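Welcome! Open your viewer, load the model and get ready to select things one by one.

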Amino acid sequence: MLDLNQAYRLEELLRVATDESQEALSAQTLSEVKKLVRRSDALVVRSFDFLMETLEDAETGPQSRLLALEVVHVLMGKSKVFRDSLVPHLDRFVKLVLLRGTRRLQARTQEVLSDWAARYGAFYKSLVHAERYVSNFLASAPAPASPQQQQEQRRRARARRRRGSDAERERIQLVLHDKFLDIVRQLPDVKAEYESLAREIRSFLSLLDQNLELQQQRRQQRQEQEDLVEVMEEQEECEGLSMYALEEEEAERPA
């Protein structure tokens, strides 16, 4: 499993190692990269992905591309996992360094591929084919774009992305505008529904109040009736005792 903290640290190191302002690979930074990728195969794969992303980025400068190639070359010699990650994508890798690279980058690519083919060609036949392809390509290809031309290409790429972003922003604004108009058009209907609902709620609450008041009156009437019955029963009981006392008194009188 990829440790996110270590992956973040690895990306920071690779960013420093391939910075456009660097004239050559920093031995210290490269040493830290090698120590870090030894910790897990996942970090090796992440280093490959990061370097490929760097090469694929149209805004990556020529020096950064060359430094990225140098880091790839070092890791190819240190890790079988890295070789197994790169070889299936060798065609894409070669196109990125050949078609977007300076003459210096192309020449260095030919050198490292020759080294890879000699060292690992017996295990990865595609390295031998790639080395031959690059040699033939450089023998027949026109001179690559100059740094000024590459800078212009990157400027045009940024302009195309900016136009795309502006077009997308305008599309979103139109969608939001249409939705706002729909809401405005629906407001009278919503208001009428709200007023109708409010009337129904007021009517329901009025009926509820009347019902509660009626129930309260009925409970009060029942309580009054129960109290009256209780008083009458007490009076009857008192009258009965009085009659009993009179009868006892008459019976005790001498004849």
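**First stop: one face of a helix**

What you have open is a predicted model, where local features need pLDDT of at least 70, side-chain atom pairs count only at pLDDT 80 or more, and totals for chains, interfaces and linings use all residues. Residues are numbered from 1 along each chain as its sequence is written, and side-chain values use heavy atoms, with hydrogens and water left out.

Now select Leu127, Ala130, Glu131, Val134, Ser135 and Leu138, which are buried (under 20% relative accessible area) in α8. Look down the axis of α8: the buried residues fall within an arc of 135 degrees, so they line one face of the helix; the arc is that of the directions from the helix axis to the C-beta atoms. Show α6 (90-99) and α7 (103-120) too, since the buried residues of α8 pack against both; contact here means heavy atoms within 4.5 Å.

Next, select residues 125-140 to see all 16 residues of helix α8. From first C-alpha to last, α8 reaches 23 Å, close to the 22 Å expected at 1.5 Å a residue (1.5 Å times one less than the number of residues).

**Into the core**

Which residues have the most contacts inside the largest nonpolar core? Select Leu51, Val72, Phe82, Phe93, Val94 and Trp116 to find them in this core of 41 residues. A nonpolar core is a set of buried Ala, Val, Leu, Ile, Met, Phe, Trp, Tyr and Cys residues joined through side-chain atoms within 4.5 Å. Elements giving it two or more residues include α1 (4-17), α2 (27-37) and α3 (41-56).

Zoom in on Trp116: leaving aside residues up to four places away in sequence, Trp116 touches Val72, His73, Met76, Leu86, Phe93, Gly121 and Leu127.

**A stop in α4**

Select Glu70, found in helix α4 (residues 62-78). Is Glu70 buried or exposed? Glu70 is buried, with a relative accessible area of 18%. Not counting residues up to four places away in sequence, Glu70 touches Leu25 and Arg108.

**Step back**

Of the 255 residues in the protein chain, 29% are buried.

Definitions and conventions:
Buried < 20%, exposed > 50% of the residue type's maximum accessible area, 1.4 Å probe, protein only. Helix = DSSP H or I, 4+ residues; strand = E, 2+ residues; numbered from the N terminus.
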